[in-house]
Amino acid sequence: MKDIIKMVVVLGLICLVAGLALAGVRQVTLEPIEYQRIKNVMEPSVKAVLSGYDNDPIKDRFSMPAGKDKKGRDVSKTVFPAKKGGKLMAVALDGSGKGFNGAIGVMVGIMPDGKMTGISIMSHSDTPGIGSRVAEPVFTDQFKKKTVDDPTSVDGVSGASYSTKGVFAAVQAAAKFYKSNQKELLAKAGQ
Amino acid sequence: MGLAQEFTKGLWKELPPFRLVLGLCPTLAVTTAAENGIGMGLATTFVLVCSNVLVSLLRKVIPGKVRIAAFIVIIASFVVIVELLMQAYFYSLYQVLGIFIPLIVVNCIILGRAEAFASKNGVMPSIMDGLGIGLGFTISLGFLGAFREILGGGTIFGHHIFWSGFEPMAFILKPPGAFVCLGLILGLMNIISSRKA
């Protein structure tokens, strides 16, 4: 009996200390990781969907409340505004949809009048050579000049219908977010 | 054995991937370039030294029956710390190594050293043991990575070293190429050590 208590106590203490240490490291690295993620994952896509701006969309980014997740925590969406001479040209925001093999993250550029400047696939884990073709310009370029009211009336990639649906869902999510928050979003971006 | 020997044994006699043929999963998977191999090796070394120190310090406190569970908790914590730090400060390396960072938890070298060495020895020998084995692992992965990068990509640390018409053997960078290269190196090391004996 004494053995069992000792085992439980020692293992419990080790786990407790480990948990505290991990929580500490997590706190310290939270911000650098967020920065790296924006710089390495989002920045190339932001630059791909926005053009002709003279500000720094990454520096001028702002967050918008985007409802709550399943656990009831607040979720925010990061918006990247592109301006020229202080005038808002377009905003870039991301959406996510379920692809063939996990989530597909898509950055969508939208002009103030609701026209889209284009999309760029940020992340996906679909089959290389099949699902991955949704990241090719032949497919993504079709979204240029579509509007947020009808964002996905384009040809899908044959043989990759799950991946195509994932991208559609992601683009629709971004468009829906834009439409339902348009006033607030443009007001914030215009500053 | 003295402290120096605890250190040097990891460099030849107990060189993990090539002499003990341990830890082959990362050895085969991430060595497509010298830089990746060295990054993986250093991450593993950090975890190995830290876990050796803690296991050695706690060796009299941890009851024998739950020692493996305790070791795994210690190792896994350090792996998560490495993963977070790498994500925060070496993001491009993190993207390349990806899933193989969390898999350091089940790297048999680390659990093996905790069980076979650190749980029976003091802190200083355990540090030397961890450093030696870790350095040996890093050098092995770096060497295998450089070997594959040169033959398979015609580059070393990203710099081109061959003439412009050089056609790299892309096969070497694929998984079967990893086995071929590992086999060649193992054979070479066997020849050298049998000459020595």
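1. Two residues are taken to be in contact if their C-beta atoms, placed from the backbone, lie within 7 Å. On that basis the contact between the chains takes 17 residues from chain A and 18 residues from chain B. The side of chain A that touches chain B divides into 11 nonpolar, 3 polar and 3 charged residues, where Ala, Val, Leu, Ile, Met, Phe, Trp, Tyr, Cys and Pro count as nonpolar, Asp, Glu, Lys and Arg as charged, and the others, Gly among them, as polar.

2. This is a predicted model, in which local features need pLDDT of at least 70 and side-chain atom pairs count only at pLDDT 80 or more, while totals for chains, interfaces and linings use all residues. Residues are numbered from 1 along each chain as its sequence is written, and chains are lettered from A and ligands numbered from 1 in the order in which they are written.

3. In chain A, 5 strands form an open sheet in the order 1-2-3-4-5 with antiparallel pairing; helices (H or I, at least four residues) and strands (E, at least two) are DSSP runs numbered from the N terminus, and two strands pair if DSSP finds at least two bridges between them. Strand 1 (62-68) and strand 5 (116-123) of chain A each have a single partner strand, so one side of each is left without a neighbour in the sheet. Neighbouring strands are turned by 30° against each other on average, direction ignored, with axes fitted as lines to C-alpha atoms, for helices over the stretch in contact, and angles running from 0 to 180 degrees between N-to-C directions.

4. Strand 2 (residues 74-84) and strand 3 (residues 87-99) of chain A pair over 6 bridges, and form a hairpin with 2 residues between them, where Gly85(A) in the turn has a positive phi of about 60°. Lys84(A) has Lys87(A) as its bridge partner. Strand 3 is joined to strand 4 (residues 102-110) of chain A by 9 bridges, among them the pairing of Gly97(A) with Ile104(A).

5. Helix 3 (residues 161-180) of chain A lies across strands 1, 2, 3, 4 and 5 of chain A, at about 140° to strand 3.

6. In helix 7 (residues 108-118) of chain B, the buried residues (20 or more other C-beta atoms within 10 Å of their own, these atoms being placed from the backbone) are Ile109(B), Ile110(B), Arg113(B), Ala114(B) and Ala118(B). Seen down the helix axis, they fall within an arc of 135°, so they line one face of the helix, the arc being that of the directions from the axis to the C-beta atoms.

Key
Buried ≥ 20, exposed ≤ 12 C-beta atoms within 10 Å, placed from the backbone.
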